[in-house]
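Have the sequence and the 3D view open as you read.

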Amino acid sequence: MAEIDKGAVVEALKAVRVDQLGTDIVSAGWVRDAVVSGGHVTFAIEVPPELGPQLEPVRAEAERVIAALPGVAQVTAVLTADRAAGSAPPPPPPPPPAGAAGHGHGHSHSHAPRGPAPGMMGHGGGTGRLELPNIKHIVAVASGKGGVGKSTTAANIALALARLGLKVGLFDADIYGPSVPRVMGLAGQKPMARGDRIVPLRNHGVTVMSIGFMVEEDSPVVWRGPMVVGALEQLLRDVEWGELDVMIVDMPPGTGDTQLTMSQRVPLAGAVIVSTPQDIALLDARKGLFMFRKVEVPVLGIIENMSYHQCPKCGHREELFGHGGARRTAEELEAPFLGEIPLDLKIREATDAGRPIVVAEPDGPHATAYLDIAKSIWSTLSGDSPEAQPAKKKPRFWFR
Ligand code: ADP
């Protein structure tokens, strides 16, 4: 069956009326960022913040209308209000009236950081976690700010874990700049829908899903405030990940509400913090560490990226930003130091060409450095390390 196009989605949404306005959601200019991918339709309904809580029935109706179109396998409509990312979420919406609660897909993503949708969380309570029984360990790779090499590190760690013989997934949750498709050599590809599930892509022996596969590159506006966490949760839940030993999550940079909520909702076994030497000096990475500790996610360690530069000709090490800050900070904060990765053009070229250095030069020194980091992470996760058994026992580097 031919794929439905975006124009048809918008056309159909003209049937969704808003009583409060006396018009429909398209004429009101509320429909944003409709994306169609393999029968999966995603769009945002951007509403005035003061009306938000009353509009769940409108969201549900919009989903119903699109779900009824031929060629549509799955619909996600999210309510969003025009608020800056990171500000406090609006109050949770009241329960929808009977009969207005969606059509079985259960994607009540409106105002996602609070009020979990039924069937979405593992157990009751507002801070319930997603249940992902097929994934043994989920590890967040985080950074205090963007551009420190978080995605590069996440991809190389995932690839190094796969080289250890583990079943590995890489989930790109960096809504502000999803670069995993490019880094993993999957740019421009789209996952397919199978029934109401999404089939992830795979390359270099790792299963990959990215929010970047689902949005168009020029529509960053869709990922704002309250809808972010709901959309990420849906991807985690609706993607056919299969059985995984480890999932590496490339987190959005920073330590705002979105990151905090994600850290609470996703059952993280631990977090790895990537920092450059100057970033450590600016305390950004410390903020990340404290955020995970606040929500009792064990910090598996800190990695110093772009740590030093080694002259390719003479081998001389240039310490651009006074390297070693991450190691010192790790010691100070009683977090393990996982290793340092130099600033090297080869790492950049390999990453940017979609063949991260662990794949491009598997026997080189950089691949070895990532492999050592991966071994250390795995020994902590699998409980081989006397230091920590995240799921069972509080390791000594937990928040006190
Ligand atoms: P983030 O995810 O933190 O925004 P990226 O992983 O996208 O950062 O990296 C930003 C840029 O820096 C990319 O072009 C990447 O290739 C490059 N880069 C990352 N780590 C290194 C490194 N150790 N040496 C050289 N270039 C690097």
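For sorting residues by class, Ala, Val, Leu, Ile, Met, Phe, Trp, Tyr, Cys and Pro count as nonpolar, Asp, Glu, Lys and Arg as charged, and the others, Gly among them, as polar. On that scheme, the shell around the ligand has six nonpolar, eight polar and four charged residues. Before going further, keep in mind that this is a predicted model, in which local features need pLDDT of at least 70 and side-chain atom pairs count only at pLDDT 80 or more, while totals for chains, interfaces and linings use all residues. Numbering runs from 1 along each chain as its sequence is written, and side-chain values use heavy atoms, with hydrogens and water left out.

Now for the ligand itself. A residue is near a molecule if one of its heavy atoms lies within 4 Å of it. There are 18 residues around the ligand, and Gly 147, Lys 150, Ser 151, Thr 152 and Pro 342 come nearest. Helices (H or I, at least four residues) and strands (E, at least two) are DSSP runs, numbered from the N terminus. Helix H3 (150-163), strand E14 (299-310), strand E16 (337-343) and helix H11 (345-352) each supply at least two residues of the shell, and H11 gives the most, with four residues.

What holds polar atoms of the ligand and protein side by side? An oxygen atom of the ligand is 2.6 Å from an N or O atom in the side chain of Thr 152, and a ligand oxygen lies 2.8 Å from a backbone N or O atom of Lys 150. A nitrogen atom of the ligand, in turn, is 3.0 Å from a backbone N or O atom of Asp 344. Taken alone the ligand exposes 560 Å², and the protein buries 89% of that; these areas come from the Shrake-Rupley method with a 1.4 Å probe, and for residues only the protein chains shown count as cover.

Lys 150 leads us on to Asp 250, because their side chains make a polar contact of 2.6 Å, a polar contact being a pair of N or O atoms within 3.5 Å; within protein, one must be able to donate a hydrogen and the other to accept it, and residues adjacent in sequence count only if both atoms are side-chain atoms. Asp 250 belongs to strand E12 (residues 244-250) and counts as buried, since its relative accessibility is 0%; buried means under 20% relative accessible area, exposed over 50%, and partly exposed in between (1.4 Å probe, protein chains only).

Over in E14 you'll find Ser 307, also buried at 0% relative accessibility. Its side chain joins that of Glu 304 through a polar contact of 2.6 Å. In E16, look for Gly 339, which is buried at 14%.

Next, helix H9 (residues 284-294) is largely enclosed by the rest of the structure, because eight of its eleven residues are buried. Among them are Leu 289, Met 291 and Phe 292. In the loop between H9 and E14 sits Glu 296, with a positive phi of about 60 degrees although it is not a glycine. Glu 296 is partly exposed at 45%.
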